[in-house]
Amino acid sequence: MRNSIYAIAILVFGLVSCSDSELVENWKNPEVETFQAQKVLVLAISNDVENRQYFENRVVQQLINKGVNAINSDNFFDNNFTQRPQTENEVKALEDLLLHDGYDAILVSKVIGAEDKVTLIKSYQNFNKTFETFNEDYYSNQGLFDQNEQLESYVVYHAESVLYCICPEKERQVIWRTSIDVTKLDSKKKAIKDYCKMLMWSLENQELLITNSKS
C-alpha cells in the first residue's frame with residue numbers, strides 16, 4: 001500500500017483548556033474539508049483491557065449521541081485477534097474485511113508516552129513516528145496489546161488519535177491526527193473522560209464525523 005504524501009499544515013495550540021487536557025497537535029488533511037463516515041470503527045490500542053473498553057465505549061456512545069454510526073472494536077474483532085502479533089498481510093486483510101462489512105473509517109487511539117517517564121517499555125520508538133495508513137499504524141503499535149509492555153505510572157499522559165479513511169475506490173489515507181496531553185490525573189477513568197471530551201471537541205471543530213451537530 002502506497003503512502004500518501006500531503007502538504008502538512010499543523011495547528012499547534014499553546015493551551016486549549018478542557019478540564020485537565022491540552023491539545024498539542026491538531027492536523028487535518030488539507031485535501032479534506034469535511035468528512036462523514038457511513039460506519040466508523042473505534043479502536044484503542046492498549047493492553048489495559050478494562051480501560052480500553054471503557055474508553056472505546058465512551059467514545060462510541062458520544063459519537064452515537066452526535067448521530068455517528070460508531071462501533072467499538074470488541075464488536076468486530078474476535079477474542080483472539082490481539083493475543084498474537086499480526087503480519088502486515090493479516091492487517092491488510094483486516095482492512096478488506098472492514099470494507100466488506102461496510103466500514104469506511106477507523107478512529108485509532110493510543111497512549112504513546114509521558115512527560116516524566118517518557119517511555120512505554122519497548123514502544124517508545126514510535127513516539128515521534130507518524131503513520132499514513134491504518135495498516136502501518138496497527139502493525140507498528142500492536143505490541144501495546146502485549147501484557148509484558150506495561151505503562152509506567154505517569155503524571156502527564158501523551159496520547160494520540162488518528163482518523164483513517166478506508167473508503168471504497170479511494171486510496172487509504174489519513175484524514176486527521178490529534179495529540180492530546182492529559183495532566184493532573186486523579187484516576188485513569190478521569191483521564192479518559194478528559195481525553196474523550198477534548199477528542200469530541202476537536203472532531204466537531206474540524207467538521208469530521210460530527211458535521212451536523214449543533215451542540
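**Exercise 1.** In which helix is the place of glutamate 136, and is this residue buried, exposed or partly exposed?

*Solution.* Glutamate 136 lies in helix α3, residues 134–141, where helices are DSSP runs (H or I, at least four residues) and are numbered from the N terminus. The model is a predicted one, in which local features need pLDDT of at least 70, side-chain atom pairs count only at pLDDT 80 or more, and totals for chains, interfaces and linings use all residues. Residues are numbered from 1 along each chain as its sequence is written, and side-chain values use heavy atoms, with hydrogens and water left out. With a relative accessible area of 26%, glutamate 136 is partly exposed, since buried means under 20%, exposed over 50% and partly exposed in between (1.4 Å probe, protein chains only).

**Exercise 2.** Identify the buried residues of α3 and describe how they are placed around the helix.

*Solution.* The buried residues in α3 are Phe134, Asn135, Asp137, Tyr138 and Asn141. They are on the same side of α3 because they cover an arc of only 170 degrees around the axis, the arc being that of the directions from the helix axis to the C-beta atoms.

**Exercise 3.** Describe α1 by its span, its buried face and its exposed residues.

*Solution.* From first C-alpha to last, the 17 residues of α1 reach 24 Å, close to the 24 Å expected at 1.5 Å a residue, where the expected span is 1.5 Å times one less than the number of residues. Asn51, Arg52, Phe55, Glu56, Val59, Val60 and Leu63 are buried in α1. Seen down the axis, the buried residues of α1 fall within an arc of 165 degrees, so they line one face of the helix. Glu50 and Asn65 are exposed on the other side of α1. Just after α1, glycine 67 has a positive phi of about 90 degrees.

**Exercise 4.** Work out how α1 and α4 meet.

*Solution.* The axes of α1 (residues 49–65) and α4 (residues 188–205) come within 10 Å and cross at roughly 35 degrees; axes are lines fitted to C-alpha atoms, for helices over the stretch in contact, and angles run from 0 to 180 degrees between N-to-C directions. On the α1 side the contact (heavy atoms within 4.5 Å) includes Tyr54, Phe55 and Val59, and on the α4 side Ile192, Tyr195 and Leu199 are among the residues met.

Key: Helix = DSSP H or I, 4+ residues; strand = E, 2+ residues; numbered from the N terminus.
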